[in-house]
Amino acid sequence: PREMGYPALIIISLDIKPGGIKSYLQEHKGRTSHNDKSVVWISETLEESIDGCTNTARLEYEWEVKPEDQGKLSTGKPIKVRTLQYIMEDKPRFYRVTCSVAAEKYESYLPHFEASARSFKRLPVPKSDIPPVLLD
């Protein structure tokens, strides 16, 4: 947290989509590349399961954060960021664990990112005793 530039970041996301992992990956990669033209895909592999999700993909890519998007801690030049992303299929849900850090620090963070992503667990939401609110 005290590092300058782009700090290490892990984000968990959920998408609801029809289809399987291959069609999801095609759409996800297309959308990601369309939204950020600086994205360069490095690797894509299918992995063993994470939390029982047998169709799991592992992606790596790099992208740049422009100085105007860096806020108060701007370096005045683009920051190259490397991202490790695991995508787990649980039809119709797709969970993404996205781990990013400045590219020059990626190798030192990689073991932590992989361990964090592999610890991902889907947990049931406990039942609530709160009565539903009826709107007029």
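Which element gives the largest share of the lining of the largest pocket? Helix α1 does, with four residues. The legends below start from the whole chain and then move to close-up views of this predicted model.

**Figure 1. Overview of the predicted chain.** The model is predicted. The chain holds two helices and five strands. Read along the sequence, they follow the pattern β-α-β-β-β-β-α. The C-alpha trace spans about 50 × 40 × 30 Å along its principal axes. Of the 136 residues in the chain, 36% are buried.

**Figure 2. The largest pocket and its lining.** The volume of the largest pocket is about 320 Å³. Its lining comprises 17 residues. Thr32, Tyr61, Trp63, Gln85 and Thr98 lie nearest the pocket centre. Five elements, β1 (9-16), α1, β3 (56-65), β4 (79-90) and β5, each give two or more residues to the lining. Helix α1 supplies four, the largest share. By residue class, the lining divides into six nonpolar, eight polar and three charged.

**Figure 3. Gln85, one of the residues nearest the pocket centre.** Gln85 belongs to strand β4. This residue is among those nearest the centre of the largest pocket. Gln85 has a relative accessibility of 2%, so it counts as buried. Asp69 is 16 residues away along the chain, and the C-alpha atoms of Gln85 and Asp69 are separated by 22 Å.

**Figure 4. The stacked pair Tyr24 and Phe94.** The count of aromatic pairs comes to five. In one of them, the ring centres of Tyr24 and Phe94 lie 4.3 Å apart. The two planes meet at 5 degrees, so the pair is stacked; the cut-off for stacking is under 30 degrees. Tyr24 sits in helix α1 (residues 21-35) and Phe94 in strand β5 (residues 93-102), so their contact ties together parts that are 70 residues apart in sequence. Both partners are shown with their surroundings. Tyr24 is buried, at 1% relative accessibility. Phe94 is buried too, at 0%.

**Figure 5. The tilted pair Tyr95 and Phe120.** Here the ring centres of Tyr95 and Phe120 are 5.3 Å apart. Their planes stand at 50 degrees, so this pair is tilted. Tyr95 lies in strand β5 and Phe120 in the segment after α2 (106-118), so the pair ties together parts that are 25 residues apart in sequence. Tyr95 counts as buried at 14% relative accessibility. Phe120 counts as buried at 11%.

**Figure 6. Two charges over aromatic rings.** The charged end of Lys29 sits over the ring of Trp41, at 5.2 Å from the ring centre. Arg82 places its charged end over the ring of Tyr106, again 5.2 Å from the centre.

**Figure 7. The largest nonpolar core.** In soluble globular proteins, nonpolar side chains tend to be buried together. In this chain, the largest nonpolar core has 15 residues. Those with the most contacts inside the core are Leu84, Tyr86, Met88, Val97, Tyr106, Phe113 and Phe120. Strands β4 and β5 and helix α2 each supply at least two residues of the core. The largest share, five residues, comes from α2. Tyr106 is the ring under the charged end of Arg82, and Phe120 is the partner of Tyr95 in the tilted pair.

Technical notes: Residues numbered from 1 in each chain as written. Predicted model: local features only at pLDDT ≥ 70, side-chain atom pairs only at ≥ 80, totals over all residues. Heavy atoms only, no water. Phe/Tyr/Trp six-rings, centres within 6.5 Å; stacked < 30°, edge-to-face > 60°. Buried < 20%, exposed > 50% of the residue type's maximum accessible area, 1.4 Å probe, protein only. Lys NZ or Arg CZ within 6 Å of the ring centre and 35° of its normal. 1 Å grid on protein atoms, 1.4 Å probe; cavity = no way out; pocket = protein on both sides within 12 Å on 5 of 7 lines; lining within 4 Å. Points joined across faces, edges and corners; volume = space filled by probe spheres on them. Nonpolar A, V, L, I, M, F, W, Y, C, P; charged D, E, K, R; others polar. Core = buried A, V, L, I, M, F, W, Y, C linked by side-chain atoms within 4.5 Å.
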